[in-house]
Every structure is written in structure tokens, then in C-alpha cells.
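These are some notes for a colleague who is opening this structure for the first time. Please read them with the model in view.

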Number of protein chains: 2
Amino acid sequence: MIADQVLTVRGDAELVARAGHLFTGARREFVCAARDLDTWSRPAARYAAGPRTRAADEGGLTVNKLLSPAALVDEAARAHLRRVVAAGARVRISSTRLPHETIVIDRRVMILAGRDVPGGPREFTVTTSPALVGGVYALFDAAWEAATDLSAYLAGDVPHLDADSRAVLRALGAGHTDETAARLLGLSLRTYRRRVAELMTTLEATSRFQAGLRVGELGLNG
Amino acid sequence: MIADQVLTVRGDAELVARAGHLFTGARREFVCAARDLDTWSRPAARYAAGPRTRAADEGGLTVNKLLSPAALVDEAARAHLRRVVAAGARVRISSTRLPHETIVIDRRVMILAGRDVPGGPREFTVTTSPALVGGVYALFDAAWEAATDLSAYLAGDVPHLDADSRAVLRALGAGHTDETAARLLGLSLRTYRRRVAELMTTLEATSRFQAGLRVGELGLNG
DNA sequence: AACGCGGTGGCAGCAACGTGCCATCGCCCG
DNA sequence: CGGGCGATGGCACGTTGCTGCCACCGCGTT
């Protein structure tokens, strides 16, 4: 039985002081999961995050960021994300909440943040235990693989589907023929097919199968 | 800065000795992610797992198991899973590998297993640090939400898709017409369409759109 | 009233898809 | 060898989906 190398720090300043060198020391891979972008927009943390994104340009270092949809609510956040992507990072959106910021560097070090407590300093836990890091990395990977790419997420334009399109989509998903679907929706066959064609255009699909695939992938059906 | 309560044990026997009471002490929730069911089929570990699944019947305790498709390869494993489900556990299948066994009990304690090393004893890490447990739990939750339920997974018959079907599926997803797809796969048009029809039968889809939808939902494309 | 404009619907023609039928081929078994 | 069997491919025909064309309608503008 061994007491492992785990340390807990309170507040951003102490994190930077104790673990700043870990951020700048990332060599091959930097992955993080977070609810939004607030954390690393804070002045103290920005110091640590800066060198990383710069290094992403230089190759060799892959940066994966897994975020909640909450990171896309306002235009400022979207703009920031575009910069991050332009810097070479891969960004994906997970449909579930990610209340705890998680960072894994080179599959060797990880940093987990506790829940944000208003007023008090936030707690961070820094670990290099291979079992812990490996386990967290595997879970991250599972969440990452299941998440949708940022560009696909934005291109899919889930929110921009109006009620009509959703109705068409449900009819398609129910497996109806165009004729019955049109009757159900109170549309003429011609108009229904127009709707389907429009839908396929927005989904950038050239076949109905492909359209269904996109819908399923983006999870915008049920 | 605090050295947290983390301990590492080697081998199943020591795990049971040191942490067996944690398993039996699960009160509200027991979640685990694993590649397959081998771990808890081992004699020493079965001692620990036994009381848990029995308790699941009695209510109050929810058991969530997240597994890789590897857990479904043979019939024995499937039978075991059916028993687990019958005992009240919820089982889901993640499309990504989960090489590290992960267990979280009541969101307070977690156990991470290192990679299985043939010959030597396996390492387990036991932690109660709230930040670590919370972070891992959030990641688990993200992976869990994205995974497909066991019954849906079996009904969708994802694992029973052979290489041929997958090729057809890729052609469909690429948006090709039947004719070009058939040429790409070196099949006659007739046979290709047979394959598509069979695929749609197994997916219980009455339209290609619906088939694509299922494929996207079950995440069995890429 | 006249006009333009966007949305709708009917029609036609074509492309794509679905499927029943049958000939063929390879293969295993009696 | 001969026969059954499953997989394949060609063919034909029916269904479904896709789209260009035009007519119509409602509405607001000029």
C-alpha cells in the first residue's frame, strides 16, 4: 500500500504557483473537459493557458477540448472558440453537463477542479498516479468519442430548426412514405418534398440515408 | 496544500482486504465502467461483488454498469449480463474502449484499476478526495449518457454487423447512389440492394432515412 | 387596378429505390 | 455423380423519391 502523489491546492494563484510548470511542460497531448470557458479566462489561469495554445501551432502537441453546450451560449464564447480552433485545438461538444473541469497532460498528469464555490477559492487536485490518470483518461476518451465535433455541431444548426422542420423530421423518422407523411402534416406531396429537400440541404446530405445519419449523430430527433 | 486520502493496493486480495467494506457499504449508488466482465468473475473479487448485486434488489441502491462491446463477445458473458440486469442493474454499452476499470460508490469513494498486467498483480487505487471523485463521476456521466442501453444495443444488433454490412453502411453514409456504391464494393446492383434491404430489416427500418437515423443514434458508423 | 413577391400545389418526366422471378455457380452431402 | 442449398447476378416491373415548370393565391406596394 502506497500513499500516492496527490496534492490539493486552493485557488487559481496557488495552482499556477504549484502546477504552472506542468502546463508549459505539455509535450504531446493536452486534453481538457469543462463546462464552459470561464475558468481559463480568469487572469491568473490565463498565464498558464497562454503558452499551451501558442505551442499548439508548432506541431507535435495535440489539444483536445471537450465542452458542454453551455460554452456556446454567447457570441463572445463562440469567437473565443474559433480562436482556439484556429490555434490548432480540436473542440467537441458533449450533450451532458461537465461540472468539474478536468485536465490531462501527456497522459501523465491530471488536474481536477472541484465545483465552483462562489466567494471561496476553488479546489484543484493534481495527480500523477498512473492508475488514476489512466482511468480518467479512458473515461475522457469515451466521452470524447461520443461527443460531436464543434464544426459539425455548429453546422448541424440544431437550434435553427423551426417547428415545421422538426415535424417533417419526425415524419421521416417514423418511416412514413412521403404521401402519408404529407397527409399527416396537412401538406401537399409537392410541398412536403420541398421541405425534405430543404432539410437535406441544411444537413448537407445527398441521400435520405445520409440525412438520417446526421440527424441521429447530432441527436436532434427525439 | 493537502496530501489527500489516496491509497494504492496490489492484487485482488489486498483490495478486498482493504476496501471490501466499501463495496458492502454502498448505500445509494454504485457505478462502474469496465472493458469486460472478467474482473469481477475472479474468485477473490466475487466476494466483494456478491453483496452488491444482491442489495440491488432491495431498492434504494442503483447500479450502473458501463461496458465496452467486448463484454458481449461470447454467450457466457451475455448470460451473465442478463443476470446482472435481472438483479436490477442498468447496463449500457460504450463504443470506445475502457481499458481501466473504474468504480464510484455513492459519489464518495472511487476505485480505479490499472491496466491488467499478465502475471503480476493488478494495481488498484482507492480515493475519497471529493474533487477527484467528482471529476471522475462527471466524466463517467458524460460517457454514460452518450452510451446506448444494453437492450437497445442488443436489439439494434450492432455487434452482429459483419465487415460486409459495415462496408455497405459506409457507402450509404457517404451518400453514394446504389449504382456507384455497388461498383465501389465490387457488387452487382442487385446484391448491393439486397444488402441494404437486409440491413434495413435488422435495423427495423422501413425507409432509408429511418435506417440512417438508427445508425446515427446507435453510433455504429465511424 | 396593376404589379411584384413569396409560398403553395398540380403535373410531368426522370432518377432512384424495392422486389419477385429465374438462371447460374460453387459447395457440401448422400 | 447427382441433387439440394445458399449466394449471386441479370432482368423486369412497380413504387417511391426528386425536381423543373407553370398556375394560382394572398398580401403588401405603387
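1. The model under discussion is a predicted one.

2. With that in hand, which element supplies the largest share of the surface near DNA strand D? That element is α8(A), which contributes four residues.

3. Sorted by class, the surface near DNA strand D has six charged residues, four polar ones and three nonpolar ones.

4. Turning to the two protein copies, chain A is superposed on chain B by a rotation of 179 degrees, with 1.4 Å of shift along the axis and an RMSD of 2.5 Å. The two copies are therefore related as by a two-fold rotation axis.

5. The contact between the copies takes 55 residues from chain A and 56 residues from chain B. On the side of chain A that touches chain B, two or more residues come from each of the strands β1 (2-3), β2 (6-10), β7 (109-113) and β8 (123-127), and likewise from each of the helices α4 (130-146), α6 (163-174) and α9 (208-218). The largest share of that side, 14 residues, comes from α4(A), and by class the side has 27 nonpolar, 19 polar and nine charged residues.

6. Why can the copies be said to meet through the same surface? The reason is that 100% of the interface residues of chain A are also interface residues in chain B.

7. The axes of α9(A) and of helix α9 (residues 208-218) of chain B lie 6 Å apart, and the two helices pack at an angle of about 30 degrees. Because angles under 35 degrees count as roughly parallel, α9(A) is roughly parallel to α9(B); the crossing of the two is right-handed. Among the residues that make the contact are A:Phe209, A:Leu213 and A:Val215 of α9(A), together with B:Phe209, B:Leu213 and B:Val215 of α9(B). By class, this helix contact has eight nonpolar, six polar and six charged residues.

Methods
Residues numbered from 1 in each chain as written. Chains lettered and ligands numbered in written order. Predicted model: local features only at pLDDT ≥ 70, side-chain atom pairs only at ≥ 80, totals over all residues. Least-squares fit on C-alpha atoms with pLDDT ≥ 70 in both. Contact = placed C-beta atoms within 7 Å. Nonpolar A, V, L, I, M, F, W, Y, C, P; charged D, E, K, R; others polar. Axes fitted to C-alpha atoms, helices over the stretch in contact; angles between N-to-C directions. Parallel < 35°, antiparallel > 145°, perpendicular 65-115°, else oblique. Left-handed = near helix turned anticlockwise from the far one by under 90°.
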